Amino acid sequence: MSDLTRLTAVEIAGLVAGGETSAVEVTQAHLDRIAAVDDRVRAFLHVDTDGALAAARAVDERRAAGEELGPLAGVPVAVKDVLTTKGVPTTVGSKILEGWRPPYDSTIVQRLRDAGTVMLGKTNMDEFAMGSSTEYSAYGATHNPWDLDRIPGGSGGGSAAALAAYEAPLAIGSDTGGSIRQPGAVTGTVGAKPTYGGTSRYGLVAFSSSLDTPGPCARTVLDAALLHQAIGGHDPRDSTSIPAPVPDVVAAARLGATGDLTGVKLGVVTEFSGEGAEPGVLAAFRESVDTLAKLGAEIVEVSCPHFRYALPAYYLIAPSECSSNLARFDGVRFGLRVGDDGNRSLEEVMQLTREAGFGPEVKRRIMIGTYALSSGYYDAYYGQAQKVRTLITRDFTAAFERVDALISPTTPFVAFPLGARTSDPYQMYLADLYTIPTNLYGGPGISVPCGLSDGLPVGLQVMAPTMADDRMYRVAAALESAVGTLTPPAL
Amino acid sequence: MAAISREEVAHLARLSRLAVTEEELDTFAGQLDVILQAVAQVGEVAAADIPPTSHSVPLTNVLRDDVVVPGLTPAEALSGAPDAEEQRFRVPRILDEDVAS
Amino acid sequence: MTTTLPAYDEVVARFEPVIGLETHVELGTNTKMFCGCPTDFGGEPNTRVCPVCLGLPGSLPVANKAAIEATVRIGLALNCSIASWCRFARKNYFYPDMPKNFQISQYDEPLCVDGYLDVEVNGETVRIGIERVHLEEDTGKTLHVGGATGRIHGATESLVDYNRAGIPLVEIVTKPIPGTGALAPEVARAYVTELRDVLRSLGVSDVRMEEGSLRCDVNTSLNLPGAEWGTRTETKNVNSLRSVERAVRSEMLRQASVLDAGGRITQETRHFHEETGDTTPGRSKETATDYRYFPEPDLVPVAPDPAWVAELKAALPELPRLHRRRLQQEWGLSDLDMQSVLNAGAVELIEATIAAGTTPAAARKWWLGELSRRANETGVELADVGATPAQVAELQGLVDAGKLNDKLARTVLEGVVAGEGSPTEIMTDRGLEVVSDTGALTAAVDEAIAANPDIADKIRSGKVAAAGALVGAVMKTTRGQADAKTVRELILSRLGAS
Ligand SMILES: [Mg+2]
Ligand SMILES: [Zn+2]
């Protein structure tokens, strides 16, 4: 048997279903790989060895009993530590939740269990998903398997690095401003942000409620589509969940894999294809645009004039919502409590707890959000940002009247060295320049590897209209069929 | 001109229940100033007659039937509590009077 | 502070009060506002909780359909316009009884706006403007430990129970009510009373002030005639109808004494003390938190379908005031008589007794007479006096059938109240039925005539009025169980005087 950790999810599921290997064997191979490389990659915050093997055994028993298995049964999956897992530590990369074992499962995790996947553990992330490098994790940075001195992107750097390091064939991320797509781009993996409301947020520890979107991460477009299919769809426990079936993303990925994009019209976003990006990133992007044209796609330029205000609008809306969402971390019902010495008042203990429990980026965003929502500032900041959100949505709507999907580089720069941007928070924010508009609009976006720049992966982003997730899978799969998957140097 | 002063940062920290240190106040004042000046760009957009978007999903009236669903046991509810007593969450003495709803 | 308070008459002669009321009502839904936890009262601590109402990380709210419906019905009953589209908002402030450290409430887009409620005060109708009716979630309950009084001051720690957290709470806010003068306290009380009755008639809440399912905040200000309205204070913790009246009155007196001394009224929250009837300052509004309201991103807008609202409106029950009017007419009562029925809290009891087959007059007689007296003596509500409308109707039926006379009926009623059984059972068991056996009665009459020859002679000679004495004697031998009229007729006929 070839190295099980190098296989795609589709291949693993096929072997398990056919009895050529067992889920336990597959799981053990991945646990071994984690044991071998994760001290260098540091993708995982918690490895649930017992839980994973038990889940794998259950799949093998079901198969032995002749039960029909789903398309991902027996496939290991790594879950970003932003999703609650019953009885399994959930930290959101923060000290304030250290040791917390939630009494309930998130909907996504429940669906992963229902699909027969095997959860290996919880992956590292920027604290509360705030960051673009995973350096803001309270538990130390994750390292990019392409170059261990570089960042794996963020906030979902742990999930992306786990894929690139062959520690897991599938992973779950969450994307508020690019936290699935940007790590995908800089690790040479595939990351898809579904339509907002297309995947349930129940059990996703909230950063910015109107933007947060859980989604699939994988090494191939088809694997991502299968995972998307398994976790997506209506959830009555999330009021913002769309009561409609998941668009047929799996069929779209298969169609795209034929390499034919005849009849598909793609718009290159003018504002995101010139200044601001590294030359190597632009070169790889331009080459991919030519490739897409060769596959039959019609390429046009589309201007989205308000996209340049997306970043400032995002850095008002997301902090505003986070300042409220994170108020519950007060040391009363769960998590850390600091300074309760019998003399201090609750107010003091709350302040000390939050001061000790939150890292600097989280504090910055809480204070920015508190500021933006204050009376006297609300209209000029939060209110105005919401109006800009409307204008960005109108840009998208107008663009999608002309083209089927929009394309751009996923991120302006390849993986940068660890520590390069931590001293200047705003420089870090620029990593999400191209991914943020989609979040403000609510539509789907995917990052697919499109080439290398100085030996580091570059991602191409495909953005589609809301609930047309299938379109982006088709385009991404077509590009993947031409470019191929990227293989990092051996660890 | 600075968008935010050290005193304002201290006020925001208080509102946010963060016991920031003197040193942090200086760092944050500088950083928040850069960020706020940058995000203030949203003000350049003429949007007086543009409606705000609070939700990107076009849904209304997502309502639940009034039917009891099993919740947590008290043990589960209190399992993560830093401190509990008499099946209740224990907190240190409270200074403020209750702010009624 | 031992300032002598001015006399109330003097205060209202010099100042004009403006009042306003904010009422919070816990809805009687099966489940909480945003989760499926039950709302029943009095469970062991933290037994009606889930990730949502505990505010656990990752949990999300989903609004309760029944709570939305109840709020719209309240709005309609209060003559409000129902919003065609509105959102929930987050009200941000830190307090340990609020699991998320924000309350999901409504801010600038309430579900119902701009209505009114007519109330009767001293026979006059006062129209109270309703500013808004909106929906929010209740907080948990905090137990303060270590202090002497169980109050927050002096406590060393507090214990929190989240059973109540998330119970749907409707907030009903009046417009400012000027022009009530000396009647301000009564108007405030009449409003809360009428509101309570309306809510009860809608069946949306058990509206028990003692259990906190109806809670009141009272705003009061004073101004000189012709001058602008004064600075208002908000008195919280007003937990009975009587307290509503007392709180307004005591705050009017306090403000007048401050103003008389040349002072200024501070805009602040004050706490009402049931024991003393006065108010003490709480948080001052000047230092109040900035709540940083913003639209709740976890909930989508509510857009009540106008056709559904029209349906709810058509199906509203007859509201208490109109209902009372109709009853007064049907029962043929004067305003004064109706008032005594209302004061006795007997409307529903009389209605039910009539429905069980009794005339209005008889039903009213029992409930306002014998039973009210009894309730007063024992200090219970009339409804809890021990007799049901069905029993009262049965009793009256026995009287109408001639089986009980008035005196016996009262004895039977005592037995009913004492829980001895139904009127018929008591009558039979205790042998209280009117003696209608003419043979036995004739014997008793003859016996009385024989024993009183002088009186018999008088009657024979036409002094019919003397028969009373013989009736008395017969009643005595039959232990009151004879029908006095029958006895009298029998005596006269035996003596040839009829
Ligand atoms: Mg309220
Ligand atoms: Zn609950």
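Predicted model: local features only at pLDDT ≥ 70, side-chain atom pairs only at ≥ 80, totals over all residues.
Let's start with the interface. On the chain B side, 54 residues are in contact with 65 residues of chain A.

Now for the polar side of things. Between chain B and chain A there are 23 residue pairs in polar contact. Which elements of chain B give two or more residues to the side that touches chain A? Those are α1 (6–15), α2 (22–39) and β3 (88–92). Of these, α2(B) gives the most, with nine residues. By type, that side of chain B splits into 35 nonpolar residues, nine polar and ten charged.

The salt bridge count between the chains is two. One I can show you joins the side chains of B:Glu24 and A:Lys363, at 2.9 Å, N to O.

Over to chain A on its own. Helix α10 (residues 310–325) and helix α12 (residues 360–373) have axes that come within 7 Å and cross at roughly 100°, so α10(A) and α12(A) sit roughly perpendicular to each other. Where they meet, α10(A) brings residues including A:Tyr314, A:Tyr315 and A:Leu316, while α12(A) brings, among them, A:Arg365, A:Ile366 and A:Ile368. Sorted by type, the residues of that contact are nine nonpolar, four polar and one charged.

Conventions:
Residues numbered from 1 in each chain as written. Chains lettered and ligands numbered in written order. Heavy atoms only, no water. Contact = heavy atoms within 4.5 Å. Salt bridge = Lys/Arg side-chain N within 4 Å of Asp/Glu carboxyl O. Polar contact = N/O pair within 3.5 Å; in protein donor to acceptor, adjacent residues only side chain to side chain. Helix = DSSP H or I, 4+ residues; strand = E, 2+ residues; numbered from the N terminus. Nonpolar A, V, L, I, M, F, W, Y, C, P; charged D, E, K, R; others polar. Axes fitted to C-alpha atoms, helices over the stretch in contact; angles between N-to-C directions. Parallel < 35°, antiparallel > 145°, perpendicular 65-115°, else oblique.
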